[in-house]
Amino acid sequence: MNDKVLSVPGHVEPVVFTRDQLDWLPWLEPMAEQDLTARHMAGLVDAARAKSPYFRLLVRDPEVLEARTRTDKDIFYNPDAGLPRAERELAAAATSRYNGCIYCASVHARFAATYSKRVEDVDRLLAQGVGADLEARWNAIVATSVALTSTPITFGPEHIDTLRKAGLDDASIVDVINAASFFNWANRLMLSLGEPAAAGG
Amino acid sequence: MSDVIDTLAGIAPGSPLDAVRARRPQARIHAQSSYDSLFKPLSEADASRQERFALACFVAGLHDRQEIVAFYEQGLGDSALKAAVRTAATTARIEGPYGHYPKGPLSAEDKAGPVHRIASPTREALGTRLAAAFEHAHMLVYHPRDSAPPDLQALIDAGWSTTGIVVISQLVAFLSYQIRVVAGLSVLKARPA
């Protein structure tokens, strides 16, 4: 057996929330690229993910990784009805900011800024945290993400009312629920199986 | 084919929320296949079914969602273990998220909280592997940003393989998702437009 915690090589640890591209360094041994079988490649879904240490670590359980990945893609990329992509990414970024996942927040703040063009609002969320004032509709999405992310969960009918007042229909509300809930899955893996590093560090 | 999220949130076929969920068909199918892969695994070599259900009961208990605890308890045949898991969860509940940031500007946002340790005799009733998994799960649920390499070393020392750690990490993280989707949909169902 080769079960051991990896020592992370010298790197620059990010100490603020940022939209910069970050690397991620695993604390456990990912599978080696040459050991990936057809079953593992199916688990990775995208062949390009064989280059990622994060996905090569998770592919140790290929069936769960494949299911996780297909859930993720539909929640964020399915353009049919519901919330615009930018606001699904906002829910992901807010959830990550509240849980304290600097890596996940960097990726989804980047996407939220790109798709919404509201770079200053996204940066305010990163700098000030989930209490930042981003106008009514975004505030409602952030507050819902926070209520769903808290343990115990504090999400209640008042959040539904605020989301509806901000113009969200039920399909959009379900997108917020899915996006915030999904990042409670993603944040816990990213935070506990490795750590972020400044890119190229 | 039954869908665990629909069952737990009480979403009936043909209901308005059934139609809304149908707009994200892959998310729905694969939330279910995540559950199936975790709880009806192809191999139990790295984490047994009993360990998986015990951990799910504990995580649902930490969230204080009794309907979800009851669902996962169906997978725990051994009543002595079931009682130990209940005790472990009841004595571990707190509020999250808390935890520390890397030293720097974010240190101002550090929020202190306990590192949970399972006490005797529950520790003995659970056994070394499950006690270590529960302590790790408590951190993942309430203060995941405190995670550090020694936490993984503690799991290895308790007998978990690298693959086993990936499995239980996925399980706790998946439950953190599933419980929130069920909570969110239940509130929405009770508040029709």
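Guide: Chain B has a mean pLDDT of 97, and 99% of its residues reach 70 or more; pLDDT is the predictor's confidence in each residue, on a scale from 0 to 100. Where pLDDT is low, the predicted coordinates should not be read in detail. For the complex, the predictor gives an ipTM of 0.98 and a pTM of 0.98. This is a predicted model, in which local features need pLDDT of at least 70 and side-chain atom pairs count only at pLDDT 80 or more, while totals for chains, interfaces and linings use all residues. Residues are numbered from 1 along each chain as its sequence is written, and chains are lettered from A and ligands numbered from 1 in the order in which they are written.

Now to the part you asked about. On chain B, 60 residues are in contact with 59 residues of chain A; two residues are in contact if their C-beta atoms, placed from the backbone, lie within 7 Å. The elements that give two or more residues to this side of chain B are helices H2 (16-21), H3 (25-39), H8 (128-142), H9 (149-157) and H10 (162-189). Here helices (H or I, at least four residues) and strands (E, at least two) are DSSP runs, numbered from the N terminus. H10(B) gives the most, with 19 residues. By type, the residues of the side of chain B that touches chain A divide into 32 nonpolar, 18 polar and ten charged. Nonpolar covers Ala, Val, Leu, Ile, Met, Phe, Trp, Tyr, Cys and Pro; charged covers Asp, Glu, Lys and Arg; the others, Gly among them, count as polar.

Next, the backbone. Most residues other than glycine have a negative phi, and most peptide bonds are trans. In chain B, a cis peptide bond with omega of about 0° joins Gly96(B) and Pro97(B), and the bond from Ser120(B) to Pro121(B) is cis too, with omega near 0°. Pro97(B) lies in the loop between helix H6 (79-90) and helix H7 (122-126) of chain B, and Pro121(B) lies in the loop between H6 and H7 of chain B.

In chain A, look at Val45(A), in the loop between helix H1 (38-44) and helix H2 (53-58). Val45(A) is not a glycine, yet its phi is positive, about 65°. Lys117(A), in the loop between helix H5 (102-116) and helix H6 (119-128) of chain A, also has a positive phi, near 65°.
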